Amino acid sequence: IGTTAVQLCHALGMTVYATVGQDEKIVALRPYATAINYKTDDFAEKIGQLTNDEGVDVILDIVGGPYFKRNLGLLKKDGRLVIIGFMGG
């Protein structure tokens with residue numbers, strides 16, 4: 001689901017950020033998105049830096065639970081948090 005969303009957003013000309021759990025996935029997504037390894041980096045801090053603390057318009061969250069507050073903090077005013085799964089509680 002995430003890979004498809006990344007490719008669709010890229011095809012529509014959007015700036016895309018993605019979180020991954022392996023460095024190999026960073027390389028695989030490089031043509032389509034800026035990928036951040038959430039196991040080694042604080043994704044909220046990195047996205048804040050990348051957007052000059054302006055945030056993002058949409059977040060697609062497959063995990064839920066532990067990321068909810070950080071995701072809300074990354075949204076621009078009138079941004080959308082789309083939760084499609086609760087793998088994390």
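A search of the whole structure turns up one salt bridge, a term that here asks for a side-chain nitrogen of Lys or Arg within 4 Å of a carboxyl oxygen of Asp or Glu. The partners are the side chains of D57 and K76, at 3.8 Å from N to O. This pair ties together distant parts of the chain, with D57 in strand β3 and K76 in strand β4 (residues 75-83), 19 residues apart. Helices (H or I, at least four residues) and strands (E, at least two) are DSSP runs, numbered from the N terminus. D57 is partly exposed at 46% relative accessibility, and K76 is partly exposed too, with a relative accessible area of 31%. For these labels, buried is under 20% relative accessible area, exposed is over 50%, and partly exposed lies in between (1.4 Å probe, protein chains only).

A word on where this comes from: the model is predicted, so local features need pLDDT of at least 70 and side-chain atom pairs count only at pLDDT 80 or more, while totals for chains, interfaces and linings use all residues. Residues are numbered from 1 along each chain as its sequence is written, and side-chain values use heavy atoms, with hydrogens and water left out.

**Surface patches**

Which residues form the negative surface patch? They are D23, E24, D41, D42 and E45. Patch members have over 30% relative accessible area and no salt bridge; like charges are joined within 9 Å, and nonpolar side chains (Val, Leu, Ile, Met, Phe, Trp, Tyr) within 5 Å. Asp and Glu count as negative and Lys and Arg as positive, with His and the chain ends not counted. Each charge is placed at NZ of Lys, CZ of Arg, CG of Asp or CD of Glu.

Taking some of those residues in turn, D23 sits in helix α2 (residues 23-29) and is partly exposed at 46% relative accessibility. E24 is in helix α2 as well, and is exposed, with a relative accessible area of 57%. D41 belongs to the loop between β2 (34-37) and α3, where it counts as partly exposed at 32% relative accessibility.

There's also a nonpolar surface patch of about 450 Å², built from I1, V58, L60, V82 and I84. Its area comes from the Shrake-Rupley method with a 1.4 Å probe; for residues, only the protein chains shown count as cover. V58, one of these residues, is in strand β3.

Contact here means heavy atoms within 4.5 Å, and neighbours up to four places away in sequence are left aside for T19, G21 and T51.

T19 is in strand β1 and is partly exposed at 42% relative accessibility. T19 is in contact with I36, Y38 and F43. G21 is in the loop between β1 (17-20) and α2. Is G21 buried or exposed? G21 is buried, at a relative accessible area of 17%, and it touches N37, Y38 and K39.

T51 lies in the loop between α3 (43-50) and β3 (56-61). With a relative accessible area of 11%, T51 is buried, and the residues it touches are Y17 and V56.

**Positive phi values**

D53 has a positive phi near 60 degrees, in a residue other than glycine. It is in the loop between α3 and β3 and is exposed at 70% relative accessibility. D78 is not a glycine either, yet its phi is positive at about 70 degrees. D78 is in strand β4 and is exposed, with a relative accessible area of 66%.

**Distances across the fold**

Here are some C-alpha to C-alpha separations for residues met above.

| Pair | Apart in sequence | C-alpha to C-alpha |
|---|---|---|
| T19 and D42 | 23 residues | 10.0 Å |
| G21 and L81 | 60 residues | 21 Å |
| D23 and L8 | 15 residues | 22 Å |
| E24 and V56 | 32 residues | 24 Å |

Some of these names tie back to earlier sections.
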